[in-house]
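Me: I am new to this structure and would like to learn how to read it step by step. Could you take me through some of its features, giving the general idea before each case?

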Amino acid sequence: MLFKILLGFLCGVSAAATDNITAQQGPPPLLLVSFDGFRADYLQRFPMPNLKLLYSQGVLVEQLTNVFITKTYPNHYSLVTGLYAESHGIVSSNMYDPVTHKHFHVPNDTDPMWWSEAQPLWITALDSGYKTAAMMWPGSEVIIGNRTATHFSPYNVHVTFQQRLRNVTNWILGNGKEEGVKFAALYWEEPDRSGHIFGPDNTTAMGKALKEVDDNIGLLMSELKRTGLWGRINILITSDHGMAQCSAERLIRLDNCLHPDNYTLVDLTPVAALIPKNNTEAVFNTLRKCHPNMTAYLKNTIPDCLHYRNNERIQPIILVADEGWTIVQRGDKLPRLGDHGYDNSLPSMHPFLAATGPSFRQGYQISSLQSLDVYPLMCHLLSVPPRPNNGTLTQARCLLAAETCWDAPMVIGLVVGVLLVLTAITVLFRFLSVRRRLGPRPFQRLQVDYDDDDPLLE
Ligand SMILES: [Zn+2]
């Protein structure tokens, strides 16, 4: 009896959700989830059964090429704005603004000044008449252009994934009085935290952390099924960056090259940001030769491909450590066994993207995509006009069920196949025509032999 009542209640919840979502006009709601520091190859190295089940019913992008520097705040803001860090202004986790002389440090720096060079999707979508939500995503509680998401929660490490998820599903569902949100962004801090503490090469510790992440994905799927949202909303699961293994054997000590009186340090590792006190050229020339595993750049010589130059908050000199190397000022202490922030072309810095829902193809997989393309994809899914951005829908649209998309290997295979068939037909045609020409000759010869005696043919 109790079972029947419970079943009835659950069905009731599910039916109410279904009715509510069906009654809402427009595209399906969109839920964007980030598991911080989820390196792309964790998917091959660890079982992740729930995540695999999710993308087997949707799509998988094996690697997302993220933006430089491959830190949490720059990349989370890029995901929801489609902009490089130099364009959205959150250029690092530690910043100095020479115009206002303000300093920025994570977490919880909510001064709108830092965030207002861009507009996240949870603000832009309000202009389309949608309600939105930002659950502990970097920037969630910041007032940008005098607005916030309809619902938001500032970062609080003590709130469990289940509690965050429960709030988000309630916001998407809405209730009799209030319409549900159309776009929600949800943040979770693992496996980044474990990656820093243990290093990505620690299979035992990372296996445990990723089992918990996968359990949370299982929780997400069951919660969406319980509330009737599964199959009715689009879900993107992604991350901001990967993780590299560090070692006390790979330390770069700045004090070995230059006395700290010569510069002000804004950020340290793996991308150091320095403001020289006097002679910029002299400081640069010293640091340039400091260590074989560290590259120094004057701001105006930072390579174009990094898209990391055109912002006041990028300092006059930056130092970029090679993968797995750590910059310290002095000493032998390694701050973290795992770190990120390195060159965004390194596979170890790349996260992944999985998606499922009514708008996505099923069982489809591509090897890579730019993380900047996630923003135009989300705008397309929500029918929200995108703000100017550095992404494109060209490749991302191939993930969608409604799009006819030719992938390169398939097109090449098709062209080769057609050429082979045409060649075979031509060869066959020629063979037959040769045979036709050769075929009558013996008969003609016989005829000629016979006709030789016929005076009428002479
Ligand atoms: Zn992160």
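Reply: Gladly, and please keep in mind that this is a predicted model. We can begin with a pair of strands: strand 1 (residues 30-35) and strand 8 (residues 234-238) run parallel and are joined by five bridges. Within this pairing, leucine 31 has isoleucine 235 of strand 8 as its bridge partner.

Me: Which helices pack on the sheet, and which strands do they touch?

Reply: Helix 3 is one of them, touching strand 2, strand 8 and strand 17 (353-356), and its direction makes about 55° with that of strand 17. Helix 8 (residues 161-173) also packs on the sheet, where it touches strand 1, strand 5 (132-135), strand 6 and strand 7, and its direction makes about 180° with that of strand 7.

Me: What is the order of the strands in the open sheet, and which strands stand at its edges?

Reply: The open sheet has eight strands in the order 6-5-7-1-8-17-2-18, and their pairing is mixed. Strand 6 (151-153) and strand 18 (364-370) stand at the edges, each with a single partner strand, so one side of each is left without a neighbour in the sheet. From one strand to the next, the twist averages 15°.

Me: How should I read the nonpolar core, and which residues have the most contacts inside it?

Reply: In soluble globular proteins, nonpolar side chains tend to be buried together. Here the largest nonpolar core has 122 residues, and those with the most contacts inside it are Leu31, Trp122, Ala133, Met135, Ala184, Leu186 and Met378. This core draws at least three residues from each of domain 1 (11-243 + 343-408) and domain 2 (251-335). Leaving aside neighbours within four places in sequence, alanine 184 is in contact with residues including Leu31, Ala133 and Met135.

Me: Where does the backbone have cis peptide bonds or positive phi values?

Reply: Most residues other than glycine have a negative phi, and most peptide bonds are trans. Proline 191 lies in the loop between strand 7 (183-188) and helix 9 (192-198). Methionine 48 has a positive phi, near 50°, and serine 383 has a positive phi of about 55°.

Me: Is methionine 48 buried or exposed, and is serine 383 buried or exposed?

Reply: Methionine 48 counts as buried because it has 20 C-beta neighbours inside 10 Å, whereas serine 383 is exposed, with 12 other C-beta atoms within 10 Å.

Note on methods
Residues numbered from 1 in each chain as written. Predicted model: local features only at pLDDT ≥ 70, side-chain atom pairs only at ≥ 80, totals over all residues. Core = buried A, V, L, I, M, F, W, Y, C linked by C-beta atoms within 7 Å. Domains from an automatic or database assignment. Contact = placed C-beta atoms within 7 Å. Helix = DSSP H or I, 4+ residues; strand = E, 2+ residues; numbered from the N terminus. Pairing = 2+ DSSP bridges. Axes fitted to C-alpha atoms, helices over the stretch in contact; angles between N-to-C directions.
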